[in-house]
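This report describes selected local features of one protein structure. Please view the sequence and the model alongside the text.

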Amino acid sequence: MDKKSLRRELMHELWRMNKMHLIVTLQEFVEGETATLAYLNDVAQPKITPSMISDNLRISRARAANILRSLRGKGFVRMDIAEDDRRKMYVFITDKGKKHLSDKQQFLTDYFDLYVEVLGEEDTKELIRLIRKTADNERLLTDESKGEVE
């Protein structure tokens with residue numbers, strides 16, 4: 001197979017994988033509502049501000065505000081005005097938010113257990129090796145991607 005065909009096939013399979021429910025859920029754990037809930041649930045600090053969420057998740061203040069608005073509408077977080085500074089808000093995860101987060105975490109656990117079962121031990125280890133190689137070489141891949149386009 002030539003490089004052009006390999007590239008097309010790789011891009012196609014990555015596109016297909018990107019549409020999987022698993023990937024959408026994983027993305028939520030990185031930058032979306034679920035990541036916000038996980039941060040609020042796991043952080044040791046008792047008073048979390050929207051800007052702390054933005055900084056920790058490396059998302060814009062506007063994105064954090066939209067996520068918090070959505071979570072608040074679903075009853076997953078509550079926001080209280082700081083007593084010492086009426087311009088400051090503190091964000092807290094609710095019991096409903098903790099349950100939702102737990103359900104998401106259980107979905108991932110169950111999905112990956114099934115995924116490992118479907119792939120088998122040998123293929124799972126090979127996939128881990130390839131993902132690790134990709135992650136370990138990200139800088140090199142990014143630098144080389146500035147080259148030619150066929």
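The model is predicted.

**Threonine 49**

Threonine 49 sits in a loop, with α3 (33-42) on one side and α4 (50-57) on the other. Its relative accessible area is 10%, and residues under 20% count as buried, so threonine 49 is buried. The side chain of threonine 49 makes a polar contact with the side chain of serine 51, at 3.1 Å. Apart from neighbours within four places in sequence, the residues in contact with threonine 49 are Lys88, Met89, Tyr90 and Val91.

**Glutamate 33**

Glutamate 33 belongs to helix α3. The side chain of glutamate 33 has a polar contact with that of serine 70 at 2.5 Å, and another with that of lysine 74 at 2.8 Å.

| Side chain | Partner side chain | Polar contact |
|---|---|---|
| Threonine 49 | Serine 51 | 3.1 Å |
| Glutamate 33 | Serine 70 | 2.5 Å |
| Glutamate 33 | Lysine 74 | 2.8 Å |

**Aromatic rings**

How many aromatic pairs does a search of the whole structure find? The search finds 3. One of them joins phenylalanine 107 and tyrosine 111, whose ring centres are 5.6 Å apart; the planes stand at 45°, so this pair is tilted. Helix α6 (residues 95-136) holds both phenylalanine 107 and tyrosine 111, which are 4 residues apart, or about one turn of the helix. Phenylalanine 107 is partly exposed, at 27% relative accessibility. Tyrosine 111 is also partly exposed, with a relative accessible area of 23%.

Tyrosine 111 pairs with tyrosine 115 as well: the ring centres are 6.5 Å apart and the planes are at 40°, so this pair too is tilted. Tyrosine 111 and tyrosine 115 are separated by about one helical turn because they are 4 residues apart in helix α6. Phe107, Tyr111 and Tyr115 belong to one aromatic cluster, together with Phe112.

A ring also takes part in an arrangement with a charged side chain: arginine 78 lies over the face of phenylalanine 92, at 4.4 Å from the ring centre.

**Packing of α3 and α6**

The crossing of α3 past α6 is left-handed. On the α3 side, the residues that meet α6 are Thr34, Leu37, Ala38 and Asn41. Their counterparts in α6 are Gly97, Lys98, His100, Leu101 and Lys104.

**Arginine 7**

Helix α1 (residues 3-18) contains arginine 7. With 29% relative accessibility, arginine 7 counts as partly exposed. Along the chain, arginine 7 and valine 118 are 111 residues apart, and their C-alpha atoms are separated by 26 Å.

Terms used: Residues are numbered from 1 along each chain as its sequence is written. This is a predicted model: local features need pLDDT of at least 70, side-chain atom pairs count only at pLDDT 80 or more; totals for chains, interfaces and linings use all residues. Side-chain values use heavy atoms; hydrogens and water are left out. Helices (H or I, at least four residues) and strands (E, at least two) are DSSP runs, numbered from the N terminus. Buried means under 20% relative accessible area, exposed over 50%, partly exposed in between (1.4 Å probe, protein chains only). A polar contact is a pair of N or O atoms within 3.5 Å; within protein, one must be able to donate a hydrogen and the other to accept it, and residues adjacent in sequence count only if both atoms are side-chain atoms. Contact means heavy atoms within 4.5 Å. Rings of Phe, Tyr and Trp (its six-membered ring) pair if their centres lie within 6.5 Å; planes under 30 degrees apart count as stacked, over 60 as edge-to-face and the rest as tilted. A charge sits over a ring if NZ of Lys or CZ of Arg is within 6 Å of the ring centre and within 35 degrees of the ring normal. A crossing is left-handed if the near helix is turned anticlockwise from the far one by less than a right angle, and right-handed if clockwise.
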